[in-house]
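Thanks for coming. Please look at the structure on the screen while I go through its elements in turn.

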Amino acid sequence: MTRSALVENVTAMLEDAGFLVSDRCAIRPKSFDMAARRGEDTLLLKVLVNIDAFDAATGAEMRRLGHYLGATPMVIGLRTRDEELKPGVVYFRQGVPVLSPDTAMDLFVEEVPPLIYAAPGGLYVNIDSEVLADAREEKDWSLGRLAQELGVSRRTVSKYEDGMNASVEVAAELEDVFDAPLTSPVEVLDGAEAVREGDPTPDDPDADPDDEPVIAVLTRVGYDVHPTDRAPFKAVGEARRSRLASMLTGHSSFDRTAEKRARIMSSVGRVTRTQSVYVVDRATRDSVEGTALVEREEIEQVEDADDLRDLIQDRVDIDVEEPA
């Protein structure tokens, strides 16, 4: 299957599952292919035939964007090296969860979460430690007795009851011994924090010097501005004040590529509930769909949040005082 066909299949699957899906981010370089939202679950998705193509820089960018936009970064792919991704298994690359199309279908359409994840050394499951301890005590078994049944140390059984995960083989033995399900699903939809295993958000890249005047204005009026280097927008502005909506910003001369970027920003913004603004040297129109076009001289004259709100509202028919 080609990558384009895979992207189309993933888009159709998400739409069938009730997600609002953005346009495909068909501009390079790009850290993600699409954004999708259903209820309070927002995803930033990268679709790859071979997940080995997912590099550290792209992973770091997706993790940053996931943090700033309140979204879960995710990769959907077919294989790694010459091996097909196993259904029902969550893989991790660069701190980002990776699912096969079948696993994604189960999760999003059938609402059956995966129980297994891949890690160095094999396949593992999350043991529900409280259920395990209760099952052992109900059977009136000591830690030593259970350890003997499993062929492991007493200390290992104690760790399982303290929350340590187990291999698929051990989990199957445990469930056979107690004749009860003891595993809990792998959580991949609790936002970026839950899938990074406690790692801090990667540092922002340096801003393009040409963008610094725009960044200075946004910072002055109430945004924490985070530059990007692999997204269809130059920066994400996190609102420090409740009156403001978070913002995707672009900056360049206005040409066909800029128009395409502005259109993608509008689509991604609708999904992620963010306003989008594209700063240009000279604007020949007010907006591109939902992205306001603002001349550089205009934005440099902005003094406060009210000025920015009025400037955007003059270009697009949208209430920017509250997030959508």
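The protein chain has 12 helices and 17 strands; these are DSSP runs, H or I over at least four residues for helices and E over at least two for strands, numbered from the N terminus. This is a predicted model, in which local features need pLDDT of at least 70 and side-chain atom pairs count only at pLDDT 80 or more, while totals for chains, interfaces and linings use all residues. Residues are numbered from 1 along each chain as its sequence is written, and side-chain values use heavy atoms, with hydrogens and water left out.

Some overall values. The C-alpha trace spans about 75 × 40 × 35 Å along its principal axes. Of the 324 residues, 49% are buried, meaning under 20% relative accessible area, with over 50% called exposed and anything in between partly exposed (1.4 Å probe, protein chains only). The chain exposes about 15300 Å², and carbon and sulfur atoms supply 44% of that; accessible areas come from the Shrake-Rupley method with a 1.4 Å probe, and for residues only the protein chains shown count as cover. Taking contacts (heavy atoms within 4.5 Å) between residues at least 6 apart in sequence, 59% join residues at least 24 apart.

Now to strand S3, residues 41-50. Why is S3 described as largely enclosed by the rest of the structure? Because eight of its 10 residues are buried. Strands count as paired if DSSP finds at least two bridges between them. S3 runs antiparallel to strand S2, residues 34-38, and five bridges join the two. Within that pairing, Ala35 has Leu44 as its bridge partner. S2 and S3 form a hairpin with two residues between them, and Gly39 in the turn has a positive phi of about 60°.

S3 also pairs with strand S4, residues 72-80, this time in the parallel sense over seven bridges. Leu43 has Thr72 as its bridge partner in S4. Together, S3, helix H2 (residues 56-69) and S4 make a right-handed β-α-β unit. Right-handed here means that, with the strands pointing away from the viewer, the path from the first strand over the helix to the second runs clockwise.

H2 turns up again at another set of strands: H2 lies across S12, S13 and S14, at about 30° to S13. For such angles, axes are lines fitted to C-alpha atoms, for helices over the stretch in contact, and angles run from 0 to 180 degrees between N-to-C directions. These strands belong to an open sheet of six with mixed pairing, in the order S12-S13-S14-S15-S17-S16. Its edge strands are S12 (223-227) and S16 (287-288), each pairing on one side only. S13 (residues 235-239) and S14 (residues 247-251) run antiparallel, joined by three bridges. Ala235 stands opposite Thr249 in S14.

Last, two helices. In H5, residues 143-150, the buried residues include Leu143, Leu146, Ala147 and Leu150. The buried residues of H5 fall within an arc of 100° seen down the axis, so they line one face of the helix; the arc is that of the directions from the helix axis to the C-beta atoms. They pack against H4 (129-138), H6 (154-161) and H7 (168-178). Just after H5, Gly151 takes a positive phi of about 75°.

Which residues of H6 are buried? Val157, Tyr160 and Glu161. They cover an arc of only 95° around the axis, which puts them on the same side of H6. Their cover includes H4, H5 and H7, along with strands S9 (122-127) and S10 (166-167). Gly163 follows H6, with a positive phi near 115°.
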